[in-house]
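Here are my notes on the model that you asked me to look over. I have set them out as numbered points, with the cut-offs given where each term comes up.

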Amino acid sequence: MTAFVSIERLKIATGYDRPGDIERCLRKSSVRYLYGQGGKIFTTIDAINAPMGLKFDIPDANQEVIDFID
């Protein structure tokens with residue numbers, strides 16, 4: 001499961017308090033984000049890691065893993 005990052009966490013991470021400043025910072029850093037209820041910005045840990053080339057393939061507990069045997 002992907003961890004969501006709330007606007008409150010984004011304020012701490014970016015150092016900005018205003019949503020518009022946070023949005024500009026995310027856009028400048030190529031971090032994809034969405035708008036939730038009330039227009040609040042949120043994103044995911046994966047979206048933050050993606051511009052840095054970081055990707056973690058941790059299987060979800062509900063995800064089926066299929067092994068192929070030759």
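1. A residue is called buried at under 20% relative accessible area, exposed at over 50% and partly exposed in between, with a 1.4 Å probe and protein chains only. By that definition S30 is exposed, with a relative accessible area of 53%, and buried residues make up 20% of the 70 residues in the chain.

2. On provenance, this is a predicted model, in which local features need pLDDT of at least 70 and side-chain atom pairs count only at pLDDT 80 or more, while totals for chains, interfaces and linings use all residues. Residues are numbered from 1 along each chain as its sequence is written, and side-chain values use heavy atoms, with hydrogens and water left out.

3. The chain has three helices and three strands, and from the N terminus on these elements run in the order β-α-α-β-β-α. Helices (H or I, at least four residues) and strands (E, at least two) are DSSP runs, numbered from the N terminus. With contact taken to mean heavy atoms within 4.5 Å, 39% of the contacts between residues at least 6 apart in sequence join residues at least 24 apart.

4. Helix α2 covers residues 19–28, and its buried residues are D21, I22, E23 and L26. These buried residues pack against α1 (7–14) as well as against the strands β2 (34–35) and β3 (41–44).

5. How do α1 and α2 lie relative to each other? Their axes come within 10 Å and cross at roughly 70 degrees, where axes are lines fitted to C-alpha atoms, for helices over the stretch in contact, and angles run from 0 to 180 degrees between N-to-C directions. The two helices are therefore roughly perpendicular to each other, on a scale that counts angles under 35 degrees as roughly parallel, over 145 as roughly antiparallel, 65 to 115 as roughly perpendicular and the rest as oblique. On the α1 side the contact is made by I7, L10, K11 and T14, and on the α2 side by I22, C25 and L26.

6. The largest nonpolar core has nine residues in all, namely V5, I7, L10, I22, L26, V31, Y33, I41 and A47, and α1 and α2 each supply at least two residues of this core. A nonpolar core is here a set of buried Ala, Val, Leu, Ile, Met, Phe, Trp, Tyr and Cys residues joined through side-chain atoms within 4.5 Å.

7. Not counting residues up to four places away in sequence, L10 touches V5, G15, I22, L26, I41, F42, T43 and I48. The C-alpha atoms of L10 and I41 are separated by 8.7 Å, although the two residues are 31 residues apart along the chain.

8. Turning to I41 itself, and leaving aside its neighbours within four places in sequence, this residue is in contact with S6, I7, L10, P19, E23, L26, Y33, L34 and Y35. One of these, P19, has its place in helix α2 and counts as partly exposed at 47% relative accessibility. P19 and I41 are 22 residues apart along the chain, with their C-alpha atoms separated by 7.3 Å.

9. C25 also has its place in helix α2, where it counts as partly exposed at 22% relative accessibility. Leaving aside its neighbours within four places in sequence, C25 is in contact with T14 and Y16. From C25 to L10 the C-alpha distance is 9.9 Å, for a separation of 15 residues in sequence.

10. Most residues other than glycine have a negative phi. S30, however, has a positive phi of about 60 degrees although it is not a glycine.

11. The structure holds two aromatic pairs. Y33 and Y35 form an edge-to-face pair, at 5.8 Å centre to centre and with 85 degrees between the planes. Rings of Phe, Tyr and Trp (its six-membered ring) pair if their centres lie within 6.5 Å, and planes under 30 degrees apart count as stacked, over 60 as edge-to-face and the rest as tilted. Of this pair, Y35 is partly exposed, with a relative accessible area of 46%.
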